Amino acid sequence: MPATERAWMQNATQAPIAPPIELGEPGSELLVLRKISKHFGPVQSLVDVDLEVPAGKVTALVGDNGAGKSTLIKCIAGIYSPDGGEMFFGGRQVKFHSPKDAADHGIETVYQDLALCDNLDIVQNMFLGRERTTRAILDEDSMETSAKATLASLSVTSVRSIRQPVSSLSGGQRQAVAVAKAVMWNAKLVIMDEPTAALGVAQTRMVLDLVRRLSKRGLGVLIISHNMNDVFEVADRIAVLQLGRMVAQDEASAFDRQVVVDLMTTGASTRRQGSANAAPSNTSEMN
Ligand SMILES: Nc1ncnc2c1ncn2[C@@H]1O[C@H](COP(=O)(O)OP(=O)(O)OP(=O)(O)O)[C@@H](O)[C@H]1O
Ligand SMILES: [Mg+2]
C-alpha cells in the first residue's frame with residue numbers, strides 16, 4: 001500500500017472521504033472516462049464519450065458551441081451524474097455525487113465566472129467553506145501564510161496584497177487566485193473552463209504560464225478553450241468533441257489548426273493522417 005494511502009487509513013476519522021491518489025510519472029494515467037453519456041430530455045449532450053487525461057500534461061478539450069464540453073466537465077466534477085459509462089481516477093473506479101465529492105478525490109474545477117466571491121479578499125476566497133479555526137476562532141495568520149506560500153509557489157507575483165478584495169483584481173489575477181485555491185487543496189486534476197476567454201494578451205500569457213506550471217508539478221490539467229492559439233501553445237494533448245461525440249484525441253503534434261477546426265465542425269478531416277487514438281471515423285458520421 002502506498003505511504004500516503006497508509007497515512008490516510010491511519011487518520012481515517014479526520015480524513016476526506018477518498019484516500020489520496022499518488023500522482024504517477026508525467027504521462028501516466030490519471031483520469032479515464034469510458035462510454036460516458038448524458039442527456040437532458042430529448043437532447044443527447046454526450047454519447048459514449050471516452051477520454052484520457054494523463055498526469056503531468058495539459059489536455060485541451062475543444063469543440064464548437066453546444067458540443068458538450070461544459071456538460072462533460074460537469075460530469076467529471078460531480079455536478080451532473082452521467083446516465084451511463086464509467087469513470088476511473090488514479091486507477092480506481094469513481095462515481096461522484098457532488099462537487100465536494102470530486103474535490104475530496106483531488107479534482108478541482110475553475111469556472112470562469114463562478115470561481116470567486118467579489119466582496120471577499122484573496123485569503124477568505126481561498127479558504128471559503130474550509131476555514132481554519134483554533135478553539136472556534138478563525139486562524140487568520142495561518143490561513144494567510146498558507147495562501148501566500150501557495151501563490152508564491154506558483155510564481156504569482158502580480159498580486160499586491162492578499163488582503164485585497166477580489167473585486168479589485170484583474171481577470172488574470174482572479175484566474176490565478178482560483179487556480180492557487182485549487183492547488184492549495186491538493187488537487188491532482190485541475191479543470192479550467194475557458195480560462196482566457198475574457199482576458200487581454202498579457203493576462204492570457206500569465207494564465208497560460210500558470211497552466212504550464214501546474215502540469216510541470218505533475219498535476220493533470222484539462223482545459224476548455226475556443227482559442228486555437230492558446231490550445232497549440234499550451235496543450236500536450238487535444239481532445240475534440242463534436243455534437244456530443246469524441247471524434248479525436250491524440251498528442252497535440254498529431255494535429256494542426258485546420259485539422260482541429262475541420263474536426264470541430266464536421267467530425268472528420270481529410271487532412272488528418274490515421275492515428276491509433278483517433279475515434280473511428282464512423283462515430284462522426286452519425287451526427
Ligand atoms: N442543463 C441543461 N438542460 C438542457 N440542455 C442542456 C443543459 N446543459 C446543456 N444542455 C445541452 O447540451 C448540449 C451541450 O451543451 P454544453 O453546454 O455542454 O456545450 P459546450 O460545448 O460547453 O458549448 P459552449 O462552447 O457554447 O460553452 C447543448 O445542446 C445544450 O443545449
Ligand atoms: Mg460551455
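Q: Over residues 4-19, under what value does the pLDDT stay?
A: This is a predicted model, and where pLDDT is low, the predicted coordinates should not be read in detail. For residues 4-19 the model has 13 contacts beyond four places in sequence, while residues 275-287, with 21 contacts beyond near neighbours in sequence, have a pLDDT below 50. Over residues 4-19, likewise, the pLDDT stays under 50.

Q: In which element of the protein is confidence highest?
A: The protein averages a pLDDT of 85, and 86% of the residues score at least 70. Confidence is lowest in helix α10 (residues 281-285), at a mean of 38, whereas the highest value, 98, belongs to strand β3 (residues 58-62).

Q: Which element gives the most residues to the shell around ligand 1?
A: The residues that surround ligand 1 include Phe40, Val43, Ser45, Lys69, Ser70 and Thr71, and the elements that give two or more residues to this shell are β2 (43-54) and α2 (69-76). By class, the shell divides into three nonpolar, seven polar and one charged residue. The element that gives the most, with three residues, is α2.

Q: How is helix α5 oriented to helix α6, roughly parallel or roughly perpendicular?
A: The axes of α5 (residues 140-153) and α6 (residues 171-184) come within 9 Å and cross at roughly 110°. Angles of 65 to 115 degrees count as roughly perpendicular, so α5 is to α6 roughly perpendicular.

Q: Which residues of α6 make the contact with α5?
A: By class, this contact has four nonpolar, two polar and no charged residues. On the α5 side stand Ser146, Thr150 and Leu151, and on the α6 side the contact is made by Ala180, Val183 and Met184.

Notes:
Residues numbered from 1 in each chain as written. Chains lettered and ligands numbered in written order. Predicted model: local features only at pLDDT ≥ 70, side-chain atom pairs only at ≥ 80, totals over all residues. Near = placed C-beta within 6 Å. Helix = DSSP H or I, 4+ residues; strand = E, 2+ residues; numbered from the N terminus. Nonpolar A, V, L, I, M, F, W, Y, C, P; charged D, E, K, R; others polar. Axes fitted to C-alpha atoms, helices over the stretch in contact; angles between N-to-C directions. Parallel < 35°, antiparallel > 145°, perpendicular 65-115°, else oblique. Contact = placed C-beta atoms within 7 Å. pLDDT = per-residue confidence, 0-100.
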